[in-house]
Amino acid sequence: MTSTQPRISVELVPRSVESVRTEMAQVHAHLPWVDTINIPDLLKFELRSWEATKVAGEAVRRPDGTAYRRIPHIRAADVNPDAPLPMGQDLLDQGVDEVLVVSGDDADYFTHHTYPVDAVDVIRRFRAELPQVRVYAGLDPYRTGIAQEMRYLERKLAAGASGIFTQPFFDTHLMAAWAGILPQGVDVWWGATTVTTKGAAGYWRRRNLVAFPTTFAPTIDWQREFARRAIDFARERGQHIYLMPVRTSVMDYLAGVL
């Protein structure tokens, strides 16, 4: 069932142990409304997502004394189908009880050994091997038609996913349209990010097939205002949101947003 208490997460890129500690300290000192940290798994950095969640968990506690919830991203294409989940024991040792399973970027296949495994397979593995861990699935509102994306989502939910992380949105009208067709009783994490140059906007159009609203502007002021509206959108529905700084510091993006 959908959680009754909306949550706000900041996505921290695991560039290094020190960068995670530094950004956690900034979140702790300046963003008391953040209760969750989600961490992508990026192969250009040595620190894997589940290793970074350990660093984040050891860094600081929330201002009220409670621990930050941590959600590592797991690349399905990296998971050997003939071996136990490689991060399973680490997650249990850390007390991490939520993960986001993503397919894995095609661009990495030429330099990194991968397996012919998709997100559905790995979601099913988590449910079988680590049933105490809540699994989230990805939702991409841009890459295919709505019907095709919904069929893929239905497969993930049938495999055992209990919630959804969306790709970042830039338009609350589009968010509302998707909210109207997503299954009831499923946790939703809506995403927002920073696109602060014309080049970055072009990348999102070409690579992620985003259609920006006519009001869009590639400025930090626009991104911050949209973050406020996206937070309100999620809270009004009892859902969650994650905020993803890209080529912008955590504080430049989020200080003063709430």
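This is a predicted model: local features need pLDDT of at least 70, side-chain atom pairs count only at pLDDT 80 or more; totals for chains, interfaces and linings use all residues.
Helix α6 passes helix α8 in a right-handed crossing. The axes of α6 and α8 come within 11 Å and cross at roughly 20°. Because angles under 35 degrees count as roughly parallel, α6 and α8 are roughly parallel to each other. On the α6 side, Thr172, Met175, Ala176 and Ala179 take part, and they meet Phe226, Arg229, Ala230 and Phe233 in α8. By class, the residues of this contact between α6 and α8 comprise six nonpolar, one polar and one charged.

An α-helix has 3.6 residues a turn, so residues three or four places apart point the same way. After α8 comes Gly238, with a positive phi near 65°.

Most residues other than glycine have a negative phi. Leu209, however, has a phi near 60°, a positive value in a residue other than glycine. Leu209 lies in the loop between α7 (198-207) and α8, and it counts as partly exposed because its relative accessibility is 47%. Arg247 is likewise a residue other than glycine with a positive phi, in this case near 55°. Arg247 is placed in the loop between β8 and α9. Its relative accessibility is 82%, and so Arg247 counts as exposed.

A further helix pair is formed by α1 (residues 17-30) and α2 (residues 49-59), which pack at an angle of about 40° with their axes 9 Å apart. That angle makes α1 oblique to α2. The crossing of these two helices, α1 and α2, is right-handed. Val17, Val20, Arg21 and Met24 of α1 make the contact with Ala52, Val55, Ala56 and Ala59 of α2. Seven of the residues in this contact of α1 with α2 are nonpolar, none is polar and one is charged. Helix α1 also holds Thr22, which counts as partly exposed because its relative accessibility is 36%. Thr22 and Ala59 are 37 residues apart in sequence, while their C-alpha atoms are 8.8 Å apart in space.

The last pair to consider is α4 (residues 119-129) and α5 (residues 146-159). How do these two helices lie against each other? They pack at an angle of about 15°, with their axes 8 Å apart, and that makes α4 roughly parallel to α5. The crossing of α4 and α5 is right-handed. Helix α4 contributes Ala119, Val120, Ile123, Arg124 and Arg127 to the contact, and helix α5 contributes Tyr152, Arg155, Lys156 and Ala159. The contact of α4 with α5 has five nonpolar residues, no polar residues and four charged residues.

Definitions and conventions:
Residues are numbered from 1 along each chain as its sequence is written. Side-chain values use heavy atoms; hydrogens and water are left out. Axes are lines fitted to C-alpha atoms, for helices over the stretch in contact, and angles run from 0 to 180 degrees between N-to-C directions. Helices (H or I, at least four residues) and strands (E, at least two) are DSSP runs, numbered from the N terminus. Angles under 35 degrees count as roughly parallel, over 145 as roughly antiparallel, 65 to 115 as roughly perpendicular and the rest as oblique. A crossing is left-handed if the near helix is turned anticlockwise from the far one by less than a right angle, and right-handed if clockwise. Contact means heavy atoms within 4.5 Å. Ala, Val, Leu, Ile, Met, Phe, Trp, Tyr, Cys and Pro count as nonpolar, Asp, Glu, Lys and Arg as charged, and the others, Gly among them, as polar. Buried means under 20% relative accessible area, exposed over 50%, partly exposed in between (1.4 Å probe, protein chains only).
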